[in-house]
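Here's a short tour of one protein model, written for someone new to reading structures. Have a look at the picture first, then follow along.

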Amino acid sequence: MSTVVRIDDVTKQYGSGSNALLALDHVSLTVDKGEFVCLLGASGCGKSTLLSLVAGLDKITGGTLEINGKHISLMFQEAALFPWLSVAGNVELALRLRGVGRADRRKRAQELLEIVRLGGFGGKRPHELSGGMRQRVALARALAQNADILLMDEPFGALDAMTRDILHDELERIWREQELTVLFVTHNVREAVRLGDRVVLLSSRPGRVLEDFKIDHPRPRRIDSTEVAAQAAEITDRLRAEVARHAN
Ligand SMILES: Nc1ncnc2c1ncn2[C@@H]1O[C@H](COP(=O)(O)OP(=O)(O)OP(=O)(O)O)[C@@H](O)[C@H]1O
């Protein structure tokens, strides 16, 4: 299987001199094509930093970082849609930026909205949608960018549990159908076990890879199943031990 993201001995320091802050300390991690990898760790351990390095929004200060993909797309807790554009307009804009012609844009935006099950909502404005629906639009926009690598930073953190469960199912389907590679940051251990092929646990700051758990329960998984709960409990214990170690 081909490696899409290779993070090798990466260090990230913010600032310098007496203001220096070591956010990541010799992190090594590879993500293969089509893998779904969840990143977990205590607050401030450098999860978002790692995503922004992979996205190319910031520079590493040590090690090497290699990306082998067509396009990387980022999704955050807030959908960040343009409020003056319709739902279809938001998706079409991403297509336009890729140079897709007007007629094709319309058709493709409609297809993408159908993929995220918002086929009938293209004419609405973002404020007319629920938080879960706005995240679906953000997902359609990411697909419009022709992304094959999706970086997600707590994308469902602000949603109620029921909406989040539905979006887990949708994201899993789209990940499979579109053959995406996903790097997904969350604070929610069960969510990580529900979604991930692997759950990578980072240490408290500076972040290092503490453990890489392989999750091989059959899919689709239920977040409230006993298998998911049992593995989440094991990972939570490991995370708690790390937080306690750091507090001492
Ligand atoms: N641009 C920046 N300049 C200086 N320090 C930064 C910057 N961005 C992040 N940091 C620091 O780097 C450390 C890691 O931050 P980061 O946001 O990556 O952690 P995180 O694991 O995503 O946190 P959380 O789980 O709370 O979202 C923190 O101590 C943070 O204050």
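## Where two helices touch

Which residues in α3 meet which residues in α4? Ala-109, Leu-112, Leu-113 and Ile-115 are the ones in α3, and they meet Ala-140, Leu-143 and Ala-144 in α4. Here, residues are in contact if their C-beta atoms, placed from the backbone, lie within 7 Å. Sorted by class, this contact has seven nonpolar, no polar and no charged residues. For the sorting, Ala, Val, Leu, Ile, Met, Phe, Trp, Tyr, Cys and Pro count as nonpolar, Asp, Glu, Lys and Arg as charged, and the others, Gly among them, as polar.

Before going on, note that this is a predicted model: local features need pLDDT of at least 70, side-chain atom pairs count only at pLDDT 80 or more, and totals for chains, interfaces and linings use all residues. Residues are numbered from 1 along each chain as its sequence is written.

## How the helices cross

Helix α3 covers residues 102-115 and helix α4 covers residues 131-144; their axes come within 9 Å and cross at roughly 130°. (Axes are lines fitted to C-alpha atoms, for helices over the stretch in contact, and angles run from 0 to 180 degrees between N-to-C directions.) α3 and α4 are therefore oblique to each other. Angles under 35 degrees count as roughly parallel, over 145 as roughly antiparallel, 65 to 115 as roughly perpendicular, and the rest as oblique.

Now for α2 (residues 87-97): its axis and that of α4 come within 8 Å and cross at roughly 20°, which makes α2 roughly parallel to α4. From α2 come Val-87, Asn-90, Val-91, Ala-94 and Leu-95, while α4 brings Val-137, Ala-140, Arg-141 and Ala-144 to the contact. That group splits into seven nonpolar, one polar and one charged.

## Around the ligand

The residues surrounding the ligand include Tyr-14, Leu-21, Ala-23, Lys-47, Ser-48, Thr-49 and Arg-205. By class, the shell has four nonpolar, six polar and two charged residues.

## The annotated stretch

UniProt, in an unreviewed entry, places "domain: ABC transporter" at residues 5-229. Over residues 5-229, the chain is 33% helix and 26% strand. Helices (H or I, at least four residues) and strands (E, at least two) are DSSP runs, numbered from the N terminus.

Definitions and conventions:
A residue is near a molecule or strand if its C-beta atom, placed from the backbone, lies within 6 Å of it. UniProt positions are given in the numbering used here, feature names are shortened, and annotations may be inferred rather than shown by experiment.
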